[in-house]
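Keep the structure open as you read.

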Amino acid sequence: MEGKLRLIVALVALAIVVGGAFAFFPIINGSLAPWYGPVVAEDEVQLALWVDGNLPHGTLFAADLFACEMLTATARVVCSVGGAWELADRANQRFFDNEKAFIAESPREAWDIFREYGVKYAFTSSRKGFYGYGYKDAPLEKFADGNYFEFVRAVGSARVYRVKEKVSGEEVSRMSVS
């Protein structure tokens with residue numbers, strides 16, 4: 001009888017563990033979902049190939065981490081994050097500022113940050129971006145504000161915007177962080 005009781009207790013405990021795992025899997029799956037698929041989309045690669053053939057190599061872009069890695073390899077440009085980021089001056093601050101620019105609601109705030117770092121182009125996509133500290137949705141409509149950004153090219157949901165040198169007639173001095 002004691003053996004049956006132990007077996008029943010063990011099976012109930014196993015059922016609780018398995019049931020709990022199934023109950024929490026959607027929550028865990030939701031937070032990990034971006035890691036299950038490609039980290040860049042095919043349209044982003046196609047746009048990067050266009051960048052390679054049409055914009056100067058070595059130009060500074062801003063994008064999420066994985067788009068930056070792809071841009072660096074495919075389009076031969078420099079990016080705000082990615083590459084040997086651990087060798088960059090103030091790497092953690094760069095990641096924080098890159099994420100802040102993309103997550104910002106305000107086009108002016110994003111523009112100010114990009115100008116501080118000398119960013120010439122912003123590369124965007126409708127997928128969730130890994131801008132510095134985790135996957136996040138970014139309000140990309142700010143890049144349509146013609147006071148701060150100029151649309152350059154689109155392939156699917158991937159877009160390139162030029163960061164304007166000045167805003168509405170105000171002269172802005174070039175700041176660059178090494």
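Predicted model: local features only at pLDDT ≥ 70, side-chain atom pairs only at ≥ 80, totals over all residues.

## The whole protein

Residues are numbered from 1 along each chain as its sequence is written, and side-chain values use heavy atoms, with hydrogens and water left out.

Of the 178 residues, 38% count as buried (buried is under 20% relative accessible area, exposed is over 50%, partly exposed is in between, with a 1.4 Å probe and protein chains only). You'll find five helices and seven strands, running α-α-β-α-β-α-α-β-β-β-β-β from the N terminus on. Helices (H or I, at least four residues) and strands (E, at least two) are DSSP runs, numbered from the N terminus. Take the contacts between residues at least 6 apart in sequence: 62% of them join residues at least 24 apart. Contact here means heavy atoms within 4.5 Å.

Five strands make an open sheet in the order 2-1-3-7-6, with mixed pairing. Its edges are strand 2 (78-79) and strand 6 (149-155), each pairing on one side only. Two strands pair if DSSP finds at least two bridges between them. As a reminder, strands of a sheet pair through backbone hydrogen bonds, either parallel or antiparallel.

Strand 1 (residues 60-62) runs parallel to strand 3 (residues 121-124), with two bridges between them, and Phe61 stands opposite Tyr121. Strand 3 also pairs with strand 7, this time antiparallel and over four bridges. There, Ala122 faces Tyr161 and Thr124 faces Arg159. Strand 7 goes on to pair with strand 6, antiparallel over six bridges, with Ala154 opposite Arg159. Those two strands form a hairpin with two residues between them, and Gly156 in the turn has a positive phi of about 60°.

## What covers the sheet

Which residues of strand 3 are buried on each side? Tyr121 and Phe123 are buried on one side, and Ala122 and Thr124 on the other, so both faces of the strand are covered.

Helix 5 (residues 107-117) lies across strands 1, 3, 6 and 7 (158-163), at about 90° to strand 6; axes are lines fitted to C-alpha atoms, for helices over the stretch in contact, and angles run from 0 to 180 degrees between N-to-C directions. Helix 2 (residues 42-54) has 13 residues and spans 19 Å from first C-alpha to last, close to the 18 Å expected at 1.5 Å a residue (that is, 1.5 Å times one less than the number of residues). Its buried residues are Asp43, Glu44, Leu47, Ala48, Val51 and Asp52, and they pack against strand 1, helix 3 (65-74), strand 3, strand 6 and strand 7.

The largest nonpolar core has 24 residues, and Val51, Phe61, Ala63, Leu71, Phe123 and Val160 have the most contacts inside it. A nonpolar core is a set of buried Ala, Val, Leu, Ile, Met, Phe, Trp, Tyr and Cys residues joined through side-chain atoms within 4.5 Å. Helix 2, helix 3, strand 3 and strand 7 each put in at least two residues, with helix 3 giving the largest share, six. Apart from this core lies another of 20 residues, among them Ala110, Tyr131, Phe149 and Val163.

Not counting residues up to four places away in sequence, Val51 touches Phe61, Ala75, Val77 and Val160.

## Arg162

Arg162 sits in strand 7. Leaving aside neighbours within four places in sequence, Arg162 is in contact with Lys120, Tyr121, Tyr148, Phe149, Glu150 and Val152. The C-alpha atoms of Arg162 and Lys120 are 5.9 Å apart, with the two residues 42 apart along the chain.
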